[in-house]
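Please brief me on this model.

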2 protein chains.
Amino acid sequence: MATLVVLGAGIMATALATPFTDNGGEVRLVGTHLDRAVIDSIRDTGVHPNLQLAVPDGVTAYQLEDAAAAFDGADLVMSGVNSFGVDWAGGQLAGLLRPGMHVIALAKGMQADADGNLTTLPRALMAHLPDALRAQVSISAVAGPSIAGEVAVRRHTSVVFTGTDPDVLAMWRGLFETDFYHVWTSTDLVGVEVCAATKNCYALGAGFMHGQLQALGESDPRYVNFNYGAALFGQASVEMTEFVELLGGRPATVLGLPGIGDCFVTSMGGRNVKVGTLVGAGMTFSEARSRMPGVTLEGAAAIQVIGDAVRRLTERGVLPPERFPLLRHLHQVVAEDAAVDVPWKTFFGRDGSGQLSP
Amino acid sequence: MATLVVLGAGIMATALATPFTDNGGEVRLVGTHLDRAVIDSIRDTGVHPNLQLAVPDGVTAYQLEDAAAAFDGADLVMSGVNSFGVDWAGGQLAGLLRPGMHVIALAKGMQADADGNLTTLPRALMAHLPDALRAQVSISAVAGPSIAGEVAVRRHTSVVFTGTDPDVLAMWRGLFETDFYHVWTSTDLVGVEVCAATKNCYALGAGFMHGQLQALGESDPRYVNFNYGAALFGQASVEMTEFVELLGGRPATVLGLPGIGDCFVTSMGGRNVKVGTLVGAGMTFSEARSRMPGVTLEGAAAIQVIGDAVRRLTERGVLPPERFPLLRHLHQVVAEDAAVDVPWKTFFGRDGSGQLSP
């Protein structure tokens, strides 16, 4: 029987126990220091309090101090923390992993150095391991459109597992694939992870469509603001492709699940869209942020990181200033409390002629 | 002052009078034989009854029998009919156009011959002209995400004008571009038109997401069916790209406005999504169709035409049977009243390995 140790008891990490245990596997869910109440709840009631669902049979919950026991005898590990916890998780895994283990990670985002060089989170996670250990474990990641609650109740969900070793990916796929959880694999780790990070940025912008309509005081259902949102979504697809190219991924990865599909589901709702709606309606980002205390906003964080990096890369002459106009505007909104004022005329072309790039 | 004659008084054709007259142009709106009441209403009240808005100053409405008078002294022509009216409009234009005129067309769809060879609608329209005349007029088309009512009330809208002559496209762009109506141009007429036609097919499928959720009797807002819709949307982006390649357009055209952007806005609602929702909830297409009498369903029509062509091209050995699995399933649903049963495992790859195509 396959045994998966999950570090971090967030809703997505927990939801993925459904397909894994459906396939007969055992899950050991280890909470972080922030998950104490979640683990207590699962132990006491069987219910994940944020997911508001019973966890499957086959899941055992551990507090962090029992992590070593949870890791004992397992060789499959999921890093279930979000982008804010990656460095912490890397530090933990440095002490818990053993040679031969396989790691799969969920966090979506990017990190950047002072020169604006961007790094994917699986790589950032592994950077915490001693070199010798890092060479003896594999790292893969889950991406693609999935809302956790839907996975947990077995809605059809199509995702991508990405990594550099096709055999490892095939192994992970075999462990998770069910009749509702459909898994594809891609060896374009960079492209998939860049899509996963940047789609969170653009999803925040999708909220502008709703917010700007509210600001107009319009309620006529015939004059919704979908043309506005469609142009943002289209520009997002262009910029995602350019980011993948910039970082050495495969542009074709943007099509299908990792880019377009995931950007679609993320733009349909959630916390990033909500804060984008508030900003679109006229609040500064700081005001909107303060209305959502305690809520993690991975999209806003990614805008900050990637926007800072784009600015730095432009200063260094690596990027021309007319590239990524939507991401730059999102960065102004999030980092500088600028009002939403979408630079439409700068979209879809790089020479100002109005001609689409061929 | 620029004078535009519009043949067909549908809502999109009429809505486009807003940016054109904002720029100081004059519009002569000529109704088809189906538009008699629309033209009467505009003449009597100034209001387009389907758009439920006053038409701009600068618009004059003509019944079809006065078409020759409307065309007198104008050299800009819009074919405003939908895909069902293209051949009729071509016949009319054969008698109304004169050398040197410029035509821009709105209809979205494709036509196919008995061998499954697909043709864009601008080409189908022009096929009705005598050869000598056809060589002396230009044909362009409007595409990209735009809901007519939003254009009419000046919501930000970003579109593509496509044709083969960059100078003609620049002229059209200059006539329509405003501070809310943003126009890009593309000389990839085939790619843009293929996107415009196929996005209507896939938008019908977007309704399945809602309908299947209804069929489950689920109303918990945490377990919406967006993962389902995102995978369909992702597969749509892959198949749109493959259709563009098949017909000789530029794959990059799918990114941005013509493909992804337009598919997004069309998937957000409208008649095709509505019939897709009914079918997703368990009705046959024939039953759903009969619940919507008198409603034109361009997406369903495009599925029929393109699906028939795909089948014929497969019989002829031009296409392998594993290509376009989503379009083929949509065709089964629409042409054969098949139940919705999305072939998830056939998506995103062509070799059944689960590996994404690089």
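**Briefing**

α10(A) is largely enclosed by the rest of the structure, because 22 of its 28 residues are buried (under 20% relative accessible area, with exposed over 50% and partly exposed in between; 1.4 Å probe, protein chains only). This is a predicted model: local features need pLDDT of at least 70, side-chain atom pairs count only at pLDDT 80 or more, and totals for chains, interfaces and linings use all residues. Residues are numbered from 1 along each chain as its sequence is written, chains are lettered from A and ligands numbered from 1 in the order in which they are written, and side-chain values use heavy atoms, leaving out hydrogens and water.

**Helix α10(A)**
- Helices are DSSP runs (H or I, at least four residues), as are strands (E, at least two), numbered from the N terminus.
- Helix α10 of chain A covers residues 189-216.
- Its 28 residues should span 40 Å at 1.5 Å a residue, and the end C-alpha atoms are 42 Å apart, which agrees (expected span: 1.5 Å times one less than the number of residues).
- A:G217 follows α10(A), with a positive phi near 70 degrees.

**Residue A:T3**
- A:T3 lies in strand β1 (residues 3-7) of chain A.
- A:T3 is buried, at 11% relative accessible area.
- Its side chain makes a polar contact with the side chain of A:E26 (3.0 Å); such a contact is a pair of N or O atoms within 3.5 Å, and within protein one must be able to donate a hydrogen and the other to accept it, while residues adjacent in sequence count only if both atoms are side-chain atoms.
- Beyond neighbours within four places in sequence, A:T3 is in contact (heavy atoms within 4.5 Å) with residues including A:F20, A:R28 and A:L76.

**Chains A and B**
- Chain B can be laid on chain A by a turn of 180 degrees and a shift of 0.0 Å along the axis, with an RMSD of 0.0 Å (least squares on C-alpha atoms of residues with pLDDT of at least 70 in both).
- The two copies are thus related as by a two-fold rotation axis.
- The same surface serves both copies, as 100% of the contact residues of chain B recur in chain A.
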